[in-house]
Amino acid sequence: SHYLAPQNQPHVGGFASEERPMYTELGNGHYIITFDPLDGSSIIDTNFSIGSIFCIWKKTENHLIGQKGSDAITSMIITYGPRTTCIIYNTLLGVVQ
């Protein structure tokens with residue numbers, strides 16, 4: 001399954017996604033990745049924008065239970081379409097586009 005790609009990263013301890021919402025433990029990594037493909041496959045032919053959302057969290061004993069958006073270390077939203085845009089938020093750098 002293509003969802004197991006984070007397994008090859010030693011820093012990733014687990015992940016969850018909209019398409020696989022149950023937390024998946026990957027090992028002793030210090031971070032959890034969450035993502036939503038926002039596929040919008042029904043609108044691709046119209047050339048409307050589609051996108052993806054990614055977020056990186058510090059791994060805790062409770063995984064993502066009780067985490068708030070402001071607890072994220074890094075987050076990113078990408079829109080693909082006539083104009084591709086990527087906006088990244090990082091706790092050290094702020095917002096970068």
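Mentor: Let's begin with a single residue. Glycine 27 is partly exposed, and its relative accessible area is 25%. Buried means under 20% relative accessible area, exposed means over 50%, and partly exposed lies in between (1.4 Å probe, protein chains only). This is a predicted model: local features need pLDDT of at least 70, side-chain atom pairs count only at pLDDT 80 or more, and totals for chains, interfaces and linings use all residues. Residues are numbered from 1 along each chain as its sequence is written, and side-chain values use heavy atoms, with hydrogens and water left out.

Trainee: What is the mean pLDDT of the protein?

Mentor: pLDDT is the predictor's confidence in each residue, from 0 to 100. Here the mean is 80, and 78% of the residues reach 70 or more. Confidence is highest in strand 3 (residues 31-36), with a mean of 90, and lowest in strand 7 (residues 94-96), with a mean of 65.

Trainee: How many helices and strands does the protein have?

Mentor: Both are DSSP runs numbered from the N terminus: helices (H or I) need at least four residues and strands (E) at least two. This protein has 0 helices and 7 strands. Read from the N terminus, its elements run β-β-β-β-β-β-β.

Trainee: Back to glycine 27, then. Where is the place of glycine 27, and with which residues is it in contact?

Mentor: Glycine 27 sits in the loop between strand 2 (24-25) and strand 3. Contact means heavy atoms within 4.5 Å. Setting aside neighbours within four places in sequence, glycine 27 is in contact with Gly13 and Lys59.

Trainee: Which residues make up the largest nonpolar core?

Mentor: A nonpolar core is a set of buried Ala, Val, Leu, Ile, Met, Phe, Trp, Tyr and Cys residues joined through side-chain atoms within 4.5 Å. The largest one here has 5 residues: Val12, Phe15, Leu26, Ile33 and Phe35. Take valine 12: it lies in strand 1 and is buried, with 10% relative accessible area. The C-alpha atom of valine 12 is 8.8 Å from that of lysine 59, although the two are 47 residues apart along the chain. Isoleucine 33, another core member, touches Val12, Gly14, Phe15, Ala16, Cys55 and Ile56, not counting residues up to four places away in sequence.

Trainee: What percentage of the residues of the protein count as buried?

Mentor: Of its 97 residues, 26% count as buried. The protein exposes about 6700 Å², and carbon and sulfur atoms supply 58% of that area.

Trainee: Now for polar side chains. With which side chain does the side chain of serine 52 make a polar contact?

Mentor: A polar contact is a pair of N or O atoms within 3.5 Å; within protein, one must be able to donate a hydrogen and the other to accept it, and residues adjacent in sequence count only if both atoms are side-chain atoms. Serine 52 belongs to strand 4 (residues 50-58), and its side chain makes such a contact with the side chain of tyrosine 80, at 3.3 Å. Serine 52 is buried, with a relative accessible area of 10%. Beyond four places in sequence, serine 52 touches Asp36, Pro37, Leu38, Met76, Ile77, Ile78 and Tyr80. Serine 17 gives you a second case: it is in strand 1 and buried at 6%, and its side chain reaches the backbone nitrogen of arginine 20 at 2.9 Å.

Trainee: How many disulfides does a search of the whole structure find?

Mentor: A disulfide is a pair of cysteine sulfur atoms within 2.5 Å, and the search finds 0 of them. Cysteine 55 is buried, with a relative accessible area of 11%, whereas cysteine 86 counts as partly exposed at 26%. Cysteine 86 is in strand 6 (residues 85-90). Its C-alpha atom is 7.0 Å from that of methionine 76, 10 residues apart along the chain.

How values were computed. Areas by Shrake-Rupley, 256 points an atom, 1.4 Å probe, with all protein chains shown as cover.
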